[in-house]
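Subject: Structure handover

Hi,

Here is the structure I promised to pass on.

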Amino acid sequence: MPQNHFSNKSALESGTWVKLICGASNEDLPSITDLCAVYGAAGVHCVDVAADIAVVAAAREGLNWVESKFEKKPWLMVSVSDGKDSHFRKASFEPKFCPKECSQPCLKVCPANAITQTLGVIEDLCYGCGRCLPACPLELIKEENNLLEIKDFGALVSKIKPDAVEIHTAPGRIKEFERSLKAILQSKVELERVAVSCGLEGHGITQSELSKELWSRYECLQRYKQKAIWQLDGRPMSGDVGSGTARAAILLLEKIQAIAPPGPLQLAGGTNKKTIHHIKSNHCLAGIAFGGVARKLIQPFLIEAKKQNKKLIECPEALNQAINMAQGLINPWLRKRSGGNF
Ligand code: SF4
Ligand code: SF4
């Protein structure tokens, strides 16, 4: 058992937990290895990746590198969805239909550099953030579902053997949630946690209705003897890079923490460097997950390594710089005291 097995658990309990979200639709394998290596070295407790065998192999390469250098190993979490979910989509369009005079706003807004003039969307690089969809004045860009079917969860989890699984769910989908959980548990893999990702935006429900939804998931997890993490998605991920989004997850936390079911809370969706400054409570026991902002921070290093046909873990100087930058993002959370003093 890795040395930090217990520290991952205690970080969850004390609210100093930090997770890296690689993206449920991100299939850019070299960048996944590097993201896991950089943020694992920086100190995250968990990395969350797509439930895909190639993606998991890339993530494990990064995590094994962390273990070999630092004798610590973040948990590997894979994400699935019990129904339609924007985290599990890809953008696509046919470049041949684009007028020559188009100023290509889609290219400019894509944070993953996943759109090229000639090829359109490069599927592996697109992580489904959705920014390009409204950017096209001709509405040529469509979203495509990238969802795994519930019936396939068990077989996949038994092959992947993750430490934790996250189920993306939505109001009114308790039956689908239970079917997903049962399918996952058919794998017989012992999970440290089952994270439940369920936000408010886009569903038109109040926080007390969200609380009821979470309690129904809690009762379901209890029936199957599973421990939860409650991921509070303040904003859909398309908002997670702009600095003005930092308050959304905190507002949701303030509304929900008194009425949420037992188990650790984790902020997500709209989280960024400024999020910690919005915490007012002296009893903030919530951890945090960083997605787009974490990826964007080290993207210049990933691009530079790619130009040299290398992974970032093969470029020691740039790697150290990337780890320093990652630490700048996550250290305030790792050092946060559960009493709310930073
Ligand atoms: S903007 Fe987002 S959804 Fe569009 S191609 Fe880039 S990563 Fe994919
Ligand atoms: S904005 Fe629309 S029309 Fe212009 S390049 Fe992008 S997809 Fe094509």
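Below is what turned up, starting with the sheet and ending with the ligands.

Some housekeeping: this is a predicted model, where local features need pLDDT of at least 70, side-chain atom pairs count only at pLDDT 80 or more, and totals for chains, interfaces and linings use all residues. Residues are numbered from 1 along each chain as its sequence is written, while chains are lettered from A and ligands numbered from 1 in the order in which they are written.

**The barrel**

Eight strands form a closed barrel with parallel pairing, in the order β1-β2-β3-β8-β9-β10-β11-β12. Direction ignored, neighbouring strands of this sheet are turned by 25° against each other on average. Strands here are DSSP runs of E with at least two residues, helices are runs of H or I with at least four residues, and both are numbered from the N terminus. Two strands pair if DSSP finds at least two bridges between them. β1 (residues 18-23) and β12 (residues 287-290) pair in the parallel sense over three bridges, and Lys 19 has Ala 289 of β12 as its bridge partner.

**The helices**

For the angles, axes are lines fitted to C-alpha atoms (for helices, over the stretch in contact), and the angles run from 0 to 180 degrees between N-to-C directions. Under 35 degrees counts as roughly parallel, over 145 as roughly antiparallel, 65 to 115 as roughly perpendicular, and the rest as oblique. A crossing is left-handed if the near helix is turned anticlockwise from the far one by less than a right angle, and right-handed if clockwise. Contact means that the C-beta atoms of two residues, placed from the backbone, lie within 7 Å.

α2 (residues 29-42) packs on α3 (residues 53-70) at an angle of about 30°, with the axes 8 Å apart, which makes α2 roughly parallel to α3. Their crossing is right-handed. Among the residues making the contact are Leu 29, Ile 32 and Leu 35 of α2 and Val 55, Leu 63 and Trp 65 of α3. Sorted by class, that contact has 14 nonpolar, three polar and three charged residues. (Ala, Val, Leu, Ile, Met, Phe, Trp, Tyr, Cys and Pro count as nonpolar, Asp, Glu, Lys and Arg as charged, and the others, Gly among them, as polar.)

α2 also meets α10 (residues 292-307): the axes come within 10 Å and cross at roughly 120°, so α2 is oblique to α10. This crossing is right-handed too. The contact includes Asp 34 and Tyr 39 of α2 and Arg 295 and Lys 306 of α10, and it divides into seven nonpolar, one polar and three charged residues.

Then there is α7 (residues 174-185) with α8 (residues 207-223), at about 30° with the axes 10 Å apart; the two are therefore roughly parallel to each other. α7 lies across β3, β8 and β9, running at about 160° to β8.

**The ligands**

Which residues are closest to ligand 1? They are Ala 91, Cys 110, Cys 126, Cys 129 and Cys 132, out of 14 that surround it. A residue is near if its C-beta atom, placed from the backbone, lies within 6 Å. The shell around ligand 1 has eleven nonpolar, two polar and one charged residues. Around ligand 2 sit residues including Phe 93, Cys 98, Cys 102, Cys 106 and Cys 136, and that shell has ten nonpolar, one polar and no charged residues.

Cheers
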